[in-house]
Amino acid sequence: MPDVRMHLHTPADPGRGVVVSNERCTAGKSSSFVRHVVIDIAETRLAGHFRAGQSFGVIPPGLDTHDKPHKLRLYSIASPTQGEGGKANHLATTVKRTIDEHWENHRLFLGVASNYLADLQPGDPVTLTGPNGKRFLLPDDPAAHDYLFIATGTGIAPFRGMLGDLAAGAFPSGAALLMGSPYATDLLYHHELTDLAARQANFTYLTALSRQAQPDGQPAMYVDGRLRTHREQLTALLASDRTLIYICGIAGMELGVLQALAEILPPAALEQYMQVDPGVAAEPKAWTRRMLHRELKLSRRIMLEVY
Ligand SMILES: Cc1cc2nc3c(=O)[nH]c(=O)nc-3n(C[C@H](O)[C@H](O)[C@H](O)COP(=O)(O)OP(=O)(O)OC[C@H]3O[C@@H](n4cnc5c(N)ncnc54)[C@H](O)[C@@H]3O)c2cc1C
């Protein structure tokens with residue numbers, strides 16, 4: 001992994017970014033609100049010191065319910081390492097509004113930082129920390145590897161940046177992206193990714209819709225379902241000793257992915273990605289999240305970031 005800079009700004013010494021643009025990044029009528037927010041970081045120490053795959057902190061203004069300043073929330077960098085749109089001082093993120101009902105009184109619950117960020121207008125200042133993260137990155141020599149990226153929801157953000165990095169280097173590797181969302185209208189950066197797949201023979205873009213049938217008529221499925229339907233194509237990629245797997249998105253998605261890998265890969269190939277306790281190896285369907293990092297130990301060839 002490359003050596004990266006971290007915590008150049010901390011909550012005690014934050015930086016001040018300025019919003020450049022804030023656009024909706026779902027197409028059509030989506031049940032969720034996700035925005036692509038571009039921030040100018042020229043006046044912060046993040047300038048020139050972030051990599052695709054890292055995240056940064058946002059500190060919302062105001063006080064929490066205990067009258068303490070709000071704590072920072074992390075957001076993944078959705079830009080390539082060279083910056084958003086080729087501008088080194090511009091960094092983007094993909095923010096989903098947290099909207100719910102309060103558990104105790106069923107009143108409207110609005111997540112503090114996500115709604116603050118999603119409301120920001122061009123020219124507004126934003127208090128930042130970071131960068132954060134040193135493992136969810138492309139390796140030092142990206143051309144030495146091939147990639148399987150698996151995303152749900154805003155988990156697409158780091159992969160958009162990484163794909164930008166690969167594209168900037170003439171796309172030297174094979175890469176497949178499996179993107180999961182409830183409906184087709186929730187797919188993020190769909191046109192951008194479809195275009196990239198049309199231009200780059202090395203890049204495969206597959207989607208999995210979990211609450212509607214697929215465009216090809218197959219039934220609703222999660223991303224792990226796509227591993228099964230594209231078993232042949234993906235096992236060829238996964239059998240290569242060059243391949244790295246990156247998983248990012250909703251906490252809980254990793255279990256289904258690991259179960260599907262166990263189902264589609266021969267034991268010798270599976271071993272390259274995870275060490276499975278012999279006591280549970282025979283029954284992937286019975287695996288639980290609690291087994292992760294205990295009975296199911298991931299190798300250095302799987303990178304996981306779920307939240
Ligand atoms: C490494 C990393 C990268 C991330 N990247 C992204 C990203 O790229 N995009 C993105 O959108 N998010 C990302 N997140 C998630 C992000 O950090 C925030 O957690 C998310 O935006 C919610 O923050 P919030 O301030 O809006 O919600 P908060 O105000 O923090 O609300 C969420 C909290 O409220 C509680 N809560 C939730 N629902 C209810 C309810 N109904 N009633 C009462 N309490 C409730 C929960 O316990 C939770 O602690 C990332 C997280 C991590 C760790």
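Me: Which strand does strand 10 pair with in the parallel sense over seven bridges?
Reply: Strand 11 (residues 203–209). Two strands pair if DSSP finds at least two bridges between them. Met179 stands opposite Thr207 in strand 11. Helices (H or I, at least four residues) and strands (E, at least two) are DSSP runs, numbered from the N terminus.

Me: What should I know about the source?
Reply: This is a predicted model, where local features need pLDDT of at least 70 and side-chain atom pairs count only at pLDDT 80 or more, while totals for chains, interfaces and linings use all residues. Residues are numbered from 1 along each chain as its sequence is written, and side-chain values use heavy atoms, with hydrogens and water left out.

Me: And strand 9, how many bridges does it make with strand 10?
Reply: Six, also in the parallel sense. Ile150 has Leu178 of strand 10 as its bridge partner.

Me: Is strand 10 buried or exposed?
Reply: Seven of the seven residues in strand 10 (residues 175–181) are buried, so the rest of the structure largely encloses it. Buried means under 20% relative accessible area, exposed over 50%, partly exposed in between (1.4 Å probe, protein chains only).

Me: Which residues are on each side?
Reply: Ala175, Leu177, Met179 and Ser181 on one side, and Ala176, Leu178 and Gly180 on the other.

Me: Different topic. How many residues of helix 2 are buried?
Reply: Eleven of its 13, including Phe159, Arg160 and Asp165.

Me: What follows helix 2?
Reply: Ala170, with a positive phi near 60°.
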